[in-house]
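Work through these exercises with the structure open. Try each task before reading its solution.

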Amino acid sequence: MKKVTIRDFIKKKSKEKITMLTAYDYPTAKIISSTNLDGILVGDSLGMVVLGYPSTINVSLRDMLSHTRAVVRANPPQLIVVDMPFLTYEIDTKLAVKNAGLLIKAGGEAVKIEGGEEIKDVIKSLIRAGIPVMGHIGLTPQRFLKIGGYRTIGKTKQEEEQLMKDSIELEDAGIFALVIENTYADIAKRITEKLTIPTICIGAGPYCDGQILVIHDLLGLSDFTPYFAKSYVNLKEIISNAINQYINDVKTNKFPEKQHYKEKES
């Protein structure tokens with residue numbers, strides 16, 4: 001599989017569905033590298049599914065740099081997009097460029113930023129610095145306090161109009177793709193038809209140009225799986241059963257067996 005670039009994402013618009021998953025470590029990225037997945041997001045969702053934080057706002061730039069380097073070491077052919085964590089891009093554009101640059105130096109090939117028209121100047125500054133940007137509107141987890149929790153966005157006419165305005169402003173600012181999270185499907189459909197760049201949905205229906213999921217949800221490893229995610233296997237149960245079998249084997253002297261150890265002959 002040849003290396004996927006942002007140009008490949010753009011070319012797939014309205015032609016072929018884009019597929020993305022999150023990954024946060026070397027072994028997961030290594031497995032993904034042997035698949036035809038289009039893109040990996042080193043997401044700040046790692047705060048909850050890997051580090052045990054209550055939300056993504058606890059994730060630091062250091063966390064993102066460490067996990068990005070781990071994914072990059074697997075040398076996956078997929079496009080590697082990295083989330084910019086909370087308060088690494090909102091303060092001023094110079095700091096945003098510096099922080100995004102560190103994520104790119106760590107091996108990221110694009111960054112993802114949450115927010116609408118209020119961050120268009122940040123996006124323009126990043127792109128001027130040569131850093132590709134993926135946008136993210138709808139439910140923006142870093143702003144869950146502001147929007148009143150984790151909820152579907154677009155219920156009111158005002159919210160619906162703001163989503164459309166944000167998507168247009170972000171495309172004009174230069175993003176190469178847009179994540180739409182937890183909005184009503186018909187709204188995501190209208191945004192997708194309006195934009196010339198690909199849209200990638202998570203909890204926003206089937207009409208976008210692609211889909212993304214948190215890999216822990218897909219594998220059945222999450223403590224909580226949102227309604228819009230699909231678990232394709234229950235790894236939590238499989239791992240638990242394997243551990244219990246190991247415990248039983250040790251206690252009943254079934255492990256280790258002869259092939260699992262060496263003895264020095266006298």
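**Exercise 1.** Find the residue in β8 that I200 stands opposite.

*Solution.* The model is predicted. Next, look at the two strands as a pair. β7 and β8 run in the parallel sense, with two bridges between them. Then go to the other pairing of β8, which spans residues 210-213. Here β8 pairs with β1, again in the parallel sense, over four bridges. Within β8, I212 is the residue opposite M20.

**Exercise 2.** Determine which residue of β7 is the bridge partner of L178.

*Solution.* Begin with the strands. β6 covers residues 177-181 and β7 covers residues 199-202. Their pairing is parallel and has four bridges. Now take L178: its bridge partner in β7 is T199.

**Exercise 3.** State how many strands form the closed barrel, and in what order they run.

*Solution.* Count the strands around the barrel: there are eight. Follow the order, β1-β2-β3-β4-β5-β6-β7-β8. The pairing is parallel. On average, neighbouring strands of this sheet are turned by 25 degrees against each other, direction ignored. Strands in a sheet pair through backbone hydrogen bonds, and they do so either parallel or antiparallel.

**Exercise 4.** Identify the strands that α5 and α8 lie across.

*Solution.* Take α5 first, residues 93-105. This helix lies across β3 (79-83) and β4 (110-114). Its angle to β4 is about 140 degrees. Now take α8, residues 157-173. Helix α8 lies across β5 (133-138) and β6, and runs at about 175 degrees to β5.

**Exercise 5.** Work out whether α8 and α9 are roughly parallel or roughly antiparallel to each other.

*Solution.* Locate α9 at residues 185-194. The axes of α8 and α9 are 10 Å apart, and the packing angle is about 25 degrees. Angles under 35 degrees count as roughly parallel. Therefore α8 and α9 are roughly parallel to each other. Their crossing is right-handed. On the α8 side, E160, L163, M164, S167 and I168 make the contact.

**Exercise 6.** Decide whether D83 is buried or exposed, then list its polar contacts.

*Solution.* Find D83 in strand β3. Its relative accessibility is 3%. Buried means under 20%, so D83 counts as buried. Now follow the side chain of D83. It reaches the backbone nitrogen of D44 at 2.9 Å. It also makes a polar contact with the side chain of K112, at 2.7 Å. Leave aside residues up to four places away in sequence, and D83 touches L41, V42, G43, D44, M64, L103 and K112.

**Exercise 7.** Describe the backbone at S14, at L87 and between F255 and P256.

*Solution.* Begin with S14, in the loop between α1 (6-11) and β1 (18-22). S14 is not a glycine, yet its phi is positive, near 65 degrees. At 65% relative accessibility, S14 counts as exposed. Move on to L87, in the loop between β3 and α5. L87 is not a glycine either, and has a positive phi of about 65 degrees. At 46% relative accessibility, L87 counts as partly exposed. Finish at P256, in the segment after α11 (235-251). The peptide bond joining F255 and P256 is cis, with omega about 0 degrees.

Note on methods:
Residues are numbered from 1 along each chain as its sequence is written. This is a predicted model: local features need pLDDT of at least 70, side-chain atom pairs count only at pLDDT 80 or more; totals for chains, interfaces and linings use all residues. Side-chain values use heavy atoms; hydrogens and water are left out. Two strands pair if DSSP finds at least two bridges between them. Axes are lines fitted to C-alpha atoms, for helices over the stretch in contact, and angles run from 0 to 180 degrees between N-to-C directions. Contact means heavy atoms within 4.5 Å. Buried means under 20% relative accessible area, exposed over 50%, partly exposed in between (1.4 Å probe, protein chains only). A polar contact is a pair of N or O atoms within 3.5 Å; within protein, one must be able to donate a hydrogen and the other to accept it, and residues adjacent in sequence count only if both atoms are side-chain atoms. Angles under 35 degrees count as roughly parallel, over 145 as roughly antiparallel, 65 to 115 as roughly perpendicular and the rest as oblique. A crossing is left-handed if the near helix is turned anticlockwise from the far one by less than a right angle, and right-handed if clockwise.
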